[in-house]
Number of protein chains: 2
Amino acid sequence: MNVHEVIEEVLQRIRPTEEERAFVEGLMVELRGLAEETIESSGLDVKPYFVGSLAKDTYLAGDHDVDLFLAFPLETPLEELREKGLELGKAIAEKLDAYEVAYAEHPYVRAAYRGVSVDLVPCYDVRDWRDVRTAVDRSILHTEWVNEHLNGRNDEVRLLKRFLKGINAYGSEIYIRGFSGYLAEILVIKYGSFLEVLKNADFMLRQKVIDPGDWLKREPELAMKTLKREVETDRPLVLIDPVDPRRNVAANLSWEKYGRLYFKARAFLKEPSLEFFFPEEARVGSYLRELRERGTHLLTLLFEKPDLIDDVLLPQLEKSARGLGRALAREGFGVLEWDTGYSGGRAFLMLELERIERGRVRIRPGPEFFTERALDFYAKNETVWIEGKRLYTEKKVTENVVEVVRGLLEKSQVPLGKNLREAIKGADVLVDYVPPELEREAYLFLRRERKRIK
Amino acid sequence: MNVHEVIEEVLQRIRPTEEERAFVEGLMVELRGLAEETIESSGLDVKPYFVGSLAKDTYLAGDHDVDLFLAFPLETPLEELREKGLELGKAIAEKLDAYEVAYAEHPYVRAAYRGVSVDLVPCYDVRDWRDVRTAVDRSILHTEWVNEHLNGRNDEVRLLKRFLKGINAYGSEIYIRGFSGYLAEILVIKYGSFLEVLKNADFMLRQKVIDPGDWLKREPELAMKTLKREVETDRPLVLIDPVDPRRNVAANLSWEKYGRLYFKARAFLKEPSLEFFFPEEARVGSYLRELRERGTHLLTLLFEKPDLIDDVLLPQLEKSARGLGRALAREGFGVLEWDTGYSGGRAFLMLELERIERGRVRIRPGPEFFTERALDFYAKNETVWIEGKRLYTEKKVTENVVEVVRGLLEKSQVPLGKNLREAIKGADVLVDYVPPELEREAYLFLRRERKRIK
């Protein structure tokens, strides 16, 4: 297939059908009616806005979650907005199928209706970036800006979003740090099409700043401040938000995720295929055979998954795995890689190690020899020598990695995610074995399937 | 034995007998006669001086090498001093048993006579530190100063020198960096006796500067400059040379060797014994059993010893072993310790390693992903991922340490002593085996017998 054939085929799959489109539009009309009716009977001065990919018509087929924002007048005190907003959300949700309260910067209602997830989010009715008071307030401005500038290139956005999903670079969540939908939309608007974005994947890095709102002219001082700050924190891209000169739309984009686009864009342009958009599930082989071939070992800590949302849980899992990896490396086990995740009710840390028994002689540095503590060290150890100003000793140790992990955890010598400490201290520690439900994870981990770009 | 009994016993062994004393004195008279006679017939204006431990009567029984300095007038050009000095040395040596030319800052003659080594060293006839032009010129001043101030405490110096030898802290050679004889003499003069030096081994560090020549009063500017320089280079002791305010007598003393005195002085005062002065040869056991018990491995590089003096050879051997140790550590072999030496016509580097086969998966960092080189790296490697801005790959390797050493040496990736490069590249590489003549070395190395202080 040439590139146009590929694109046509992808569009067939991701462009909503007329039927789906009619369903979505009907749903929005219905929801707006319900919201307005509830607002009126509540006596509040609130306007409902649809935001997000549905409102911008950039959603992918089958992926039509609704974001309905409830905009309060700017003069509403924040406390009142939180309280009344939640109340109003609940009152609307009562008329839908089911709901729960979720927590971000402030609480909002996540409801379900006709098989679709509907977020009812209170915000301020801002007209301008100067009015922005909470993190969600810009969404209305984003939706307006995209709708004004997209000029019918909605399918181009769909292609880019699907491509980013396919190469595992989509999503601005803190534990993903990839491209947000809004960032994808702006890139299409800026470069003109999906293919042009790919062709410019290299150039956008070298260009360093993208300023579709022309803020560097309109608000030079603020925009320069943003630019300077973001360059100093070494972001791969600085894309000054067209609706707010103080914000870099790509602030959460990591070098890794940007790098995935960088390489995959090049590879796709060279040899286009559907695989980029719809990668086949990696064929799963035996993790035990992988271990044998690699000559390495797999250490798994398995524990009860605490009841936390991914935004909180995943960074803590990563912190814990990184901490354990560093501690084991210091202890003389070669640590090649780590990964984390959860499956069923249990979370895991996996580490690939070069060995599971450690060298029987360990050299330990002591204090400088002319200190009080040095006399202690001298008295306590069997073999002592001096290098530079410091005393050293060696110890014979015969430990297995499991004992070492237990010892480190008992002595709290591993930096762990704060909500995971107790769970990890009680974890099952498995060596070169995982329970059946983790076999796939273990294989993908050892093959580096999730992070490799080649 | 109490401390006085120990000291008495040691003195019995190290104080020269009347017979030895008579022999030495006769030898000096005879040598002076020969020297004067040769000088006279050469028509040179040169004065012979005895310097060193014989001239100061601080030599140990049986250890009576002669240093005969040939002092030229200050107005002699340096070239002429080198040339005529060597000629004169040779002319004197012709009347002795045998000789060879040795090289330090300038060449001198090392002769043998009646079983004693006699160094004939040209120098300037300096009266004062302002006249000093070559490194050896101060020796005459040192000898005079010690003879003026020692006040009969010659045996105390003998005790301290023997103690320093016994604890392996004696010798100012660059490859030893211990206490020189002159430093030992000054310490006895300063603290009054052998035992007082031991009692002050801690205090002399805290005091930081010892100034027996009172230079801080007599030449405050120069002496302060010396003090400042030596403190900045972090020497354990600053002992301003009583004959030259610009010089720290302890400039070559390492923290390790000072530390040996520090601990051994304390141990001796607590529990005096002959062992400190005359340590028993470590009983030698099987290095193979040591290896088995320690669970480690011994890597030995064995090669022809180049014809170099110790001052040149030993630092180069150490540099090479350190370089190889670092390279192997980087390559993933745990390096516990190294040692060097020579035996018969062959020199060796020994390293104790945690393992001799290395982990089969090695992670290698590549260039930053947005560079030209990154495209190469991406093309060349099978698995590639991004961390931060950098590309990484992993390779399966199945190497034994011998292959790795050969590879490192071939690719010149080990910093080696410059006169040893060729020899080491052609070295035999032995694992967990040494030839019989090195079995003792291997055992002492694995037991850390030479460097341990406990």
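This is a predicted model: local features need pLDDT of at least 70, side-chain atom pairs count only at pLDDT 80 or more; totals for chains, interfaces and linings use all residues.
**View 1. How chain A and chain B are related.** Let us start with the pair of chains as a whole. Chain B can be laid on chain A by a rotation of 179° together with a shift of 0.1 Å along the rotation axis, and the RMSD of that superposition is 0.2 Å. That is the relation of a two-fold axis. The surfaces that meet tell a matching story: 100% of the interface residues of chain B are also interface residues in chain A, so the copies meet through the same surface.

**View 2. The side of chain B that touches chain A.** Here we move in on the contact, to which chain B contributes 33 residues and chain A contributes 33 residues. On the chain B side, three elements each supply at least two residues: α12 (255-270), β11 (361-368) and β12 (385-387). Of the residues on this side, α12(B) gives the most, with 5 residues. If you sort the side of chain B that touches chain A by class, you will find 14 nonpolar, 8 polar and 11 charged residues.

**View 3. A sheet of 3 strands in chain B.** Two of the strands from the previous view, β11(B) and β12(B), return here as members of an open sheet in the order β11-β13-β12, with antiparallel pairing. The edge strands are β11 and β12 of chain B, each of which pairs on one side only. From one strand to the next, the twist averages 40°. As a reminder, strands of a sheet pair through backbone hydrogen bonds, either parallel or antiparallel. To follow one pairing by eye, take β11(B) and β13(B) (residues 390-396), which run antiparallel to each other over 6 bridges. A handy landmark is Ile363(B), which stands opposite Glu394(B) in β13(B).

**View 4. Two helices crossing in chain B.** The crossing of α6(B) past α7(B) is right-handed. On the α6(B) side, the contact is made by Glu156(B), Val157(B), Leu160(B), Lys161(B) and Leu164(B), while α7(B) brings Gly181(B), Ala184(B), Glu185(B), Leu187(B) and Val188(B). Grouped by class, the contact of α6(B) with α7(B) holds 6 nonpolar, 1 polar and 3 charged residues.

Conventions: Residues are numbered from 1 along each chain as its sequence is written. Chains are lettered from A and ligands numbered from 1 in the order in which they are written. Two residues are in contact if their C-beta atoms, placed from the backbone, lie within 7 Å. Helices (H or I, at least four residues) and strands (E, at least two) are DSSP runs, numbered from the N terminus. Ala, Val, Leu, Ile, Met, Phe, Trp, Tyr, Cys and Pro count as nonpolar, Asp, Glu, Lys and Arg as charged, and the others, Gly among them, as polar. Two strands pair if DSSP finds at least two bridges between them. Axes are lines fitted to C-alpha atoms, for helices over the stretch in contact, and angles run from 0 to 180 degrees between N-to-C directions. A crossing is left-handed if the near helix is turned anticlockwise from the far one by less than a right angle, and right-handed if clockwise. Copies are superposed by least squares on the C-alpha atoms of residues with pLDDT of at least 70 in both.
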